[in-house]
Amino acid sequence: MSDFKVTESDGGGEIVLSGSLTIKNASKLRTKFIDALMKEDNLSVCIDADAGVDLSFLQLLCSSHRTALKLGKSITLRILAKANFLTAVENAGYTRRRGCARDNNGTCLWLGDRP
Amino acid sequence: MNEDYEIIIEIFKEEACELLSEAENSLLELEKAPGNKEAISAIFRAFHSIKGGGGMFGFNNITSFTHEIETVYEDIRNGKIIPDKELIDISLASCDVIREMIKAPHAEPDENARDILASLRKYLSQEKVVTKTPAESPKKAVTTEQESARMVTYRIRFRPFPGIFATGTNPVLLLNELRNLGECCMIAHTDEIPELDEIDAETCYTAWDVILTTSRGIDAIKDVFIFVESESELAIEIIDDSENPAENSDYKKLGEILIEKRDITQEDLESVLGERRLIGEVLIDKGLVEPACVQSALNEQEHVRQIRENRIRADVISNIKVPSDKLDKLVNLVGELVTVQARLSQTAAYREDTELSSIAEEVERLAAELRDNTMNIRLLPIGTTFSKFKRLVRDLSKELGKEVEMTTDGADTELDKTVIERLSDPLLHLIRNCIDHGIELPEVRESSGKQRKGTINLFARHSGPNVLIQVSDDGEGLDKDAILAKASERGSITAGQELSDDEIYSLIFSAGFSTTSNATKISGRGVGLDVVKRAVDFLRGSITIESRRGAGTTITLVLPLTLAIIEGLLVTIGEEYFVLPLSSVEECVELIQKEVSETRGRHILNVRGKAVPYIRLREQFSISGIPPAIEQIVIVKHGGDQVGLVVDNVIGGHQTVIKNLGWIYRSAEGISGATILGDGSVALILDIPKLLMCALNEETVSLNFKYNI
Amino acid sequence: MNKTIMTVDDSASIRMMVQFTLIDLGYDIVMAANGKEALEKLTNKKMPKIDLLITDFNMPVLNGIGLIKSVREIPDYKFMPIIMLTTEFQPEKKFEGRQAGATSWLVKPFKPEQLVAVVKRMIG
């Protein structure tokens with residue numbers, strides 16, 4: 001029983017994530033990210049309006065961004081329900097004024113209120 | 001919820017009875033086969049459940065009793081006790097006891113219950129018996145309560161164990177709980193998160209730095225982490241405490257914080273100190289520290305600075321400084337309100353309008369409360385004035401070669417700001433006088449069997465509408481003969497005149513009076529105790545002196561709490577109203593014409609055999625018209641003197657807000673102020689000390705005592 | 001959607017208390033009298049998905065420890081918060097529960113407010 005959904009847009013370089021983007025689906029989500037990053041050079045991750053995220057998902061996004069940086073690829077977020085997502089980011093203390101040491105091109109996903 | 005609760009209790013009772021029956025059955029099985037483990041666990045479980053439920057629903061008798069038998073069966077289960085026939089009997093009897101308790105949960109255990117309990121305890125080792133019954137939480141609550149109000153800022157570093165997700169814990173919910181404790185800022189450290197090929201998505205890689213300001217104490221913080229504490233890394237440090245506040249809002253430097261948190265080393269810091277850019281930037285650029293650490297340290301700086309600034313601001317707000325003229329304005333307004341209120345009450349009474357009367361009463365009550373509160377604002381503790389004199393006593397006694405210690409009592413006694421201000425000088429003079437004339441030189445003291453060190457005590461306390469202030473010393477006391485000699489030398493008294501002790505002592509307050517032959521540098525430079533007398537008169541107070549030769553002197557000042565309002569006695573002369581301060585009024589008598597003629601026109605009254613001089617205020621204030629046939633005399637007292645004041649009518653008690661007279665009236669002898677009555681007319685407030693002086697001066701020749709007050 | 005809490009206790013009065021306390025806060029409650037019954041309900045596809053499990057320690061048939069261990073084996077409930085209710089406040093009992101996979105514990109007797117606090121801590 002997986003209560004989350006990944007939709008790949010045709011040729012748009014975007015995956016749409018909806019449902020429970022939480023710990024119990026974390027391992028499966030990891031695989032999805034690996035697949036998507038293999039395929040796309042400029043990956044857009046769309047968080048659907050109904051999506052619920054937790055810390056494990058934020059960690060996965062961080063990890064994906066780091067992977068993208070290493071592969072010379074890019075990853076961007078598209079948030080459909082900003083308020084919910086930002087609350088989750090803030091509650092987890094992920095909001096940043098400046099990216100981490102590995103973020104050499106200022107593309108950190110948690111910068112200010114950019115998402 | 002209450003109804004629900006009753007249902008639950010009923011269910012609990014039923015359940016407990018069922019459990020008891022089960023326990024009884026198992027007991028019987030156990031009797032047949034003493035080693036029956038299943039029976040033993042069943043019995044244990046039954047008592048255990050009853051105990052738990054009893055505790056939940058407030059049946060403390062059941063809980064504490066069941067706790068004992070449960071403990072016995074725990075020991076049996078662990079093989080520490082072998083059940084015998086007797087124990088089974090006791091256990092069965094215990095079931096009956098518990099059943100009774102369920103029927104009447106809040107009745108005291110009877111003798112039978114206590115006996116059974118005693119036999120149960122025989123099976124337990126001594127330490128077991130005293131193990132506490134399940135109620136250890138209340139204590140904790142008390143300590144946290146004590147710590148309230150105290151705002152402490154903590155730096156918390158929390159690194160959950162990697163497997164925390166698998167225990168069902170969501171660390172973010174713990175952070176949210178911290179947020180509920182107080183003002184909080186937190187930043188996650190994400191540097192441990194690996195790339196996708198290495199990440200275990202079910203592992204927690206995140207750690208947090210939290211800055212939290214709370215009044216709930218460190219226990220409340222630990223409580224949040226109680227379930228994860230043992231496996232996680234948790235460090236809680238205090239970085240700011242409202243109990244020991246820093247002197248200003250400056251906080252540690254960025255480098256200091258980073259070193260303190262072991263984010264960088266001292267060497268790292270030194271290596272970048274020469275740079276002209278911000279330390280944080282340089283450290284990040286050189287890869288010496290994660291940006292998140294710098295941000296966390298910056299957050300900490302900002303948070304603490306904010307907290308300290310707020311605290312400073314709060315301190316300012318909790319004590320507002322107000323220019324005293326604003327207060328005076330308020331007092332005046334309250335005075336006017338009291339006046340209008342009196343008019344309202346009068347009007348209501350005059351119209352016999354009950355509805356208006358009840359409104360007037362309400363206004364009266366509020367006005368009185370407002371008045372008291374306003375007066376309260378003006379009250380200050382006298383302690384600051386007292387402590388001002390400590391230095392004086394030290395310096396002065398040193399100069400005079402004396403050893404003096406000053407003690408104070410009632411420093412927290414509050415009185416009107418104006419009174420305190422005006423009291424400072426008189427007290428100074430009294431203390432000087434004590435050191436100069438009262439306290440003897442150390443050698444003299446020793447030879448008369450006293451301690452070398454003399455003591456001056458300042459004492460203040462409330463007494464009705466007045467404040468008592470005493471200055472006492474354990475010096476040589478007043479020398480009556482010397483005072484008398486000096487007074488007659490100065491012509492203040494005539495030789496052979498009989499004076500009471502009070503009268504003699506009060507001579508020291510006359511202008512220019514000094515008994516010491518050679519005036520010292522300290523006191524006796526023409527500025528005598530008459531200053532004290534004048535100041536106290538101004539404050540509508542009085543002075544009394546007690547003294548014992550060789551033992552010391554106590555000077556007591558009685559002062560009104562406030563200058564703005566007095567309790568007065570309202571009187572009339574012709575069309576004019578006057579107010580006498582009630583504190584000076586002794587009694588009211590009628591002036592009988594016969595007595596007046598008997599004294600042959602001299603203004604002397606016979607009050608119960610005592611000669612009392614009187615003055616006619618009608619004459620004093622040149623009021624035209626004919627006095628009524630029966631005049632009233634209000635006998636007032638000031639210091640030790642009595643004087644009668646003749647008026648037309650005594651109207652009664654009257655609370656009065658004093659208004660100062662304009663400068664035109666400054667020279668009006670015998671009037672100290674004015675007040676406005678309920679009907680809008682003005683009443684003058686009589687200056688009793690002044691009037692007394694007039695009366696005494698007029699009558700001194702005939703009375704044969706004359707001294708300058 | 002309301003969160004669903006399962007309370008497992010052999011004592012009906014305690015189950016009721018948990019139910020009455022939490023239902024007022026807008027949670028849905030599923031009850032079970034022992035570990036076995038709880039497991040059956042947790043694995044029954046027709047039952048609602050459980051967000052939080054509150055279980056007693058000492059129970060007949062299958063006790064709290066046994067239940068927690070089995071629950072952690074169910075993929076859907078691997079990360080579900082679990083609160084143990086227990087009258088034991090010895091640390092080794094807590095440790096035993098912790099090892100089995102319990103998230104937190106609540107010592108009986110507890111007041112409704114204490115229960116609410118722990119539940120909020122677990123599922124917000």
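Let's start where chains A and B meet: the contact takes 29 residues from chain A and 26 residues from chain B. Keep in mind throughout that this is a predicted model. On the chain A side, two elements give two or more residues to the part that touches chain B, namely α1 (26–39) and α2 (55–71) of chain A. Which of them gives the most? That would be α2(A), with 10 residues. If you sort the chain A side by class, you get 13 nonpolar, nine polar and seven charged residues.

Now, from the contact to the cores. The largest nonpolar core has 142 residues, and the members that touch the most other members are A:L58, B:I43, C:L53 and C:I54. In terms of elements, helix α2 (residues 37–56) of chain B gives the most to this core, with nine residues. And why does this core lie between domain 1 (2–135) and domain 2 (142–316) of chain B? Because both of those domains give residues to it. Setting aside its neighbours within four places in sequence, A:L58 is in contact with A:V53, A:V89, A:A92 and A:Y94. There is also a second, separate core, this one of 41 residues, and B:F389, B:L430, B:I508 and B:L539 are included in it.

Chain C has five helices and five strands, and along the sequence they follow the pattern β-α-β-α-β-α-β-α-β-α. The five strands of its open sheet come in the order β2-β1-β3-β4-β5, with parallel pairing. At the edges you find β2 (28–32) and β5 (104–107) of chain C, each pairing on one side only. From one strand to the next, the twist averages 20°.

Let's look at one pair in that sheet. Strand β4 (residues 82–86) of chain C is joined to β5(C) by four bridges, and the two run parallel.

Helix α5 (residues 112–123) of chain C lies across β3, β4 and β5 of chain C, and runs at about 175° to β5(C). Two figures for chain C before we leave: buried residues make up 48% of its 124 residues, and among contacts between residues at least 6 apart in sequence, 62% join residues at least 24 apart.

On to chain B. Its secondary structure comes to 24 helices and 21 strands. Of the 709 residues in chain B, 38% are buried. Taking contacts in chain B between residues at least 6 apart in sequence, 70% join residues at least 24 apart.

One sheet in chain B is worth a look. It is an open sheet of five strands, ordered β14-β17-β18-β16-β15, and here the pairing is mixed. Its edge strands are β14 (585–591) and β15 (604–607) of chain B, each pairing on one side only. The twist averages 35° from one strand to the next. As a reminder, strands of a sheet pair through backbone hydrogen bonds, either parallel or antiparallel. Strands β17 (residues 631–638) and β18 (residues 641–647) of chain B pair in the antiparallel sense over seven bridges, and there B:I633 stands opposite B:V646 in β18(B). Likewise antiparallel are β15(B) and strand β16 (residues 610–616) of chain B, joined by four bridges, with B:I604 opposite B:P613 in β16(B). How many residues sit between the strands in the hairpin of β15(B) and β16(B)? Two, and B:R608 in that hairpin takes a positive phi near 45°.

Last stop, B:V404. This residue is in strand β6 (residues 404–409) of chain B. Buried or exposed? B:V404 has 23 other C-beta atoms within 10 Å, and the cut-off for buried is 20 or more, so B:V404 is buried. Leaving out neighbours within four places in sequence, its contacts are B:V393, B:S397, B:I435, B:I439, B:K453, B:G454 and B:I456. Take B:K453 from that list: B:V404 and B:K453 are 49 residues apart in sequence, yet 5.3 Å apart in space, C-alpha to C-alpha. Thanks, everyone!

Terms used
Residues numbered from 1 in each chain as written. Chains lettered and ligands numbered in written order. Predicted model: local features only at pLDDT ≥ 70, side-chain atom pairs only at ≥ 80, totals over all residues. Contact = placed C-beta atoms within 7 Å. Nonpolar A, V, L, I, M, F, W, Y, C, P; charged D, E, K, R; others polar. Core = buried A, V, L, I, M, F, W, Y, C linked by C-beta atoms within 7 Å. Buried ≥ 20, exposed ≤ 12 C-beta atoms within 10 Å, placed from the backbone. Domains from an automatic or database assignment. Pairing = 2+ DSSP bridges. Axes fitted to C-alpha atoms, helices over the stretch in contact; angles between N-to-C directions.
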